[in-house]
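Hi,

Here is the model I said I would pass on. Have a look at it first, and my notes on the ligands and the charged pairs follow below.

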Amino acid sequence: MNQKIFIKTFGCQMNEYDSNRIYDTVKKIGYQKTENYEDTDCYVLNTCHIRDKAKEKVYHEIGRVKKFFRSKQKPLVIIAGCVAQAENQEMLKREPYIDLVVGPQSYHKINEMILNYLKKKKKIDETEFDPISKFKYLSKIKNQTKKISSFLTIQEGCDKFCHFCVVPYTRGPEYSRPFNQIIDEAKFLSDNGTKEIILLGQNVNAYEYEDKKLSNLIFEIEKIPEIKRIRYTTSHPKDMTDDLIEVYKGSEKLMPLVHLPLQSGSNKILHLMNRKHTIDYYLRIFDKLKKINTNIEFSSDFIIGYPGENNIDFDKTYEIIKKVKFINSFSFIFSPRPGTVASNLNLIEKKICMERLEKIQNQLYENQINMNKSLEDKVINVLAENPTEDGKKIFGKSEYMTSVIFSGKDKDIGKIVPVKIIKSNRSTLFGELAVNLNQKVA
Ligand code: SAM
Ligand code: SF4
Ligand code: F3S
């Protein structure tokens, strides 16, 4: 069989990882990746359920595909990801254009599902939580990603049940992959050209396999000579244990940006959210890390307008964003998710939420601008990833995940190079290669 497959991915990095692994899997039955949905034989929507009208967005998207293929051969249509998990057979009932539904812990069965469908035209949904078999299967077919910076999922699911969040229902209970399976995948990625590994999990710092924790994993990956940088996301403050904090002392390759979602600056709201941490607890982690390395910066996620948030609570969130000087952060208006504890609470007026969000985002932008400005005229280390679209410059990332565009050579790609920053805006640093400038790295 020689067919094309197109995957449209929504949501978090874990969905991006999954989409790549679906591409790796379907190759076995003759499906090749296409970037062009117009001529695909198989159209996969890898969906996200975290906010907004996720379900409706999926049906809307299917409507568009249906319209486009009206006078053409209909592609095989598959819904994957977290909406697929939440809705399962409802989707097949509501939209006959959908052929198969597969959840995030069962997509290793996708080949079987496709072949069976092509033979018998039987529509099925596969939404079992089976991460053990999934990763066993995926480790055999190998991760074919050939990128400078690659994702590597090490942990799935969540047992924390924050009242606003749908993840425990869509990804299932916490599961950590076997230690050696992860190291093998990291080595394989490195052999294929990866220089930076971003370890992924909905609660990545809850990783625990036999006596091994995330700290052990980082030290082991650090031993792979061609891996130059290590990051991990997303963490929960409760799992920011001392052994992980200590890694920042000894590790050469762990980057100094800690993404640690806080959600709110008010203890009252954190309690209502069932976050299981307080502001003091969070600030203690901040202090410990800053003591180890003053260059460590924090990024975070914030939910604005959680039911019960009054002006005082909101001001606390605003103040802590100023105090910690969070950079590279995300903020969202609370979105009630079906099936969660917070789904039926009284919502705060939309206009108030919008005003609060704008104020928070402006402060986050200001933090980012200040951070970027502070790097002007300095030399920083950049991992060069690819040429810019016009081919004239090189695109890379700073240690703090900020985009850098600089005048460099194609031969720099895959290397960490010193770049002198000349100017900046909110999202990007612009500079030139500093090899001959004889300046110290900031
Ligand atoms: N495990 C991470 C943690 O504990 O913070 C969060 C992972 S979640 C996939 C990413 C972010 O989405 C959360 O940090 C939260 O800010 C946001 N989020 C989750 N549910 C939300 C909701 N119902 N409404 C708005 N934002 C939400
Ligand atoms: Fe969701 Fe993170 Fe809370 Fe788990 S810890 S329920 S993934 S917000
Ligand atoms: Fe979305 Fe599922 Fe990720 S709900 S954020 S794709 S874990």
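In ligand 1, an oxygen atom sits 2.9 Å from an N or O atom of the Arg 275 side chain, which counts as a polar contact (a pair of N or O atoms within 3.5 Å; within protein, one must be able to donate a hydrogen and the other to accept it, and residues adjacent in sequence count only if both atoms are side-chain atoms). Gln 263 has a side-chain N or O atom 2.7 Å from an oxygen atom of ligand 1, and for Arg 51 the distance from a polar side-chain atom to an oxygen of the ligand is 3.2 Å. On its own, ligand 1 exposes 560 Å², and the protein buries 91% of that (accessible areas by the Shrake-Rupley method with a 1.4 Å probe; for residues, only the protein chains shown count as cover).

Before I go on, the ground rules. This is a predicted model, where local features need pLDDT of at least 70, side-chain atom pairs count only at pLDDT 80 or more, and totals for chains, interfaces and linings use all residues. Residues are numbered from 1 along each chain as its sequence is written, chains are lettered from A and ligands numbered from 1 in the order in which they are written, and side-chain values use heavy atoms, with hydrogens and water left out.

Back to ligand 1: there are 17 residues around it, and those that come nearest are Gln 202, Gln 263, Arg 275, Asp 301 and Ser 335 (near means a heavy atom within 4 Å). Strands β16 (301-304) and β17 (330-333) are the elements giving two or more residues to this shell (strands are DSSP runs of E, at least two residues; helices are runs of H or I, at least four; both numbered from the N terminus). Domain 2 (142-255) and domain 3 (259-367) each supply at least three residues, with bounds from an automatic or database domain assignment. By class, the shell has 7 nonpolar, 6 polar and 4 charged residues (Ala, Val, Leu, Ile, Met, Phe, Trp, Tyr, Cys and Pro are nonpolar; Asp, Glu, Lys and Arg charged; the others, Gly among them, polar).

Arg 275 turns up again around ligand 2, whose surroundings also include Cys 158, Cys 162, Cys 165 and His 236. That shell has 7 nonpolar, 2 polar and 2 charged residues. Around ligand 3 you will find Cys 12, Cys 48, His 49, Cys 82, Arg 171 and Gln 202, among others, and its shell divides into 4 nonpolar, 3 polar and 1 charged.

Arg 171 also belongs to a network of salt bridges with Asp 18, Lys 134 and Glu 156 (a salt bridge is a side-chain nitrogen of Lys or Arg within 4 Å of a carboxyl oxygen of Asp or Glu). The count comes to 33 salt bridges.

One of them joins Lys 66 and Glu 95 at 3.4 Å, N to O. Lys 66 is in helix α2 (residues 54-68) and Glu 95 in the loop between α4 (89-94) and β5 (100-102), so the pair ties together parts 29 residues apart in sequence. Lys 66 is partly exposed at 36% relative accessibility, whereas Glu 95 is buried at 10% (buried is under 20% relative accessible area, exposed over 50%, partly exposed in between; 1.4 Å probe, protein chains only).

Lys 249 and Glu 246 also pair, at 3.4 Å between the closest N and O atoms. They are 3 residues apart in helix α10 (residues 242-250), so about one helical turn separates them.

Cheers
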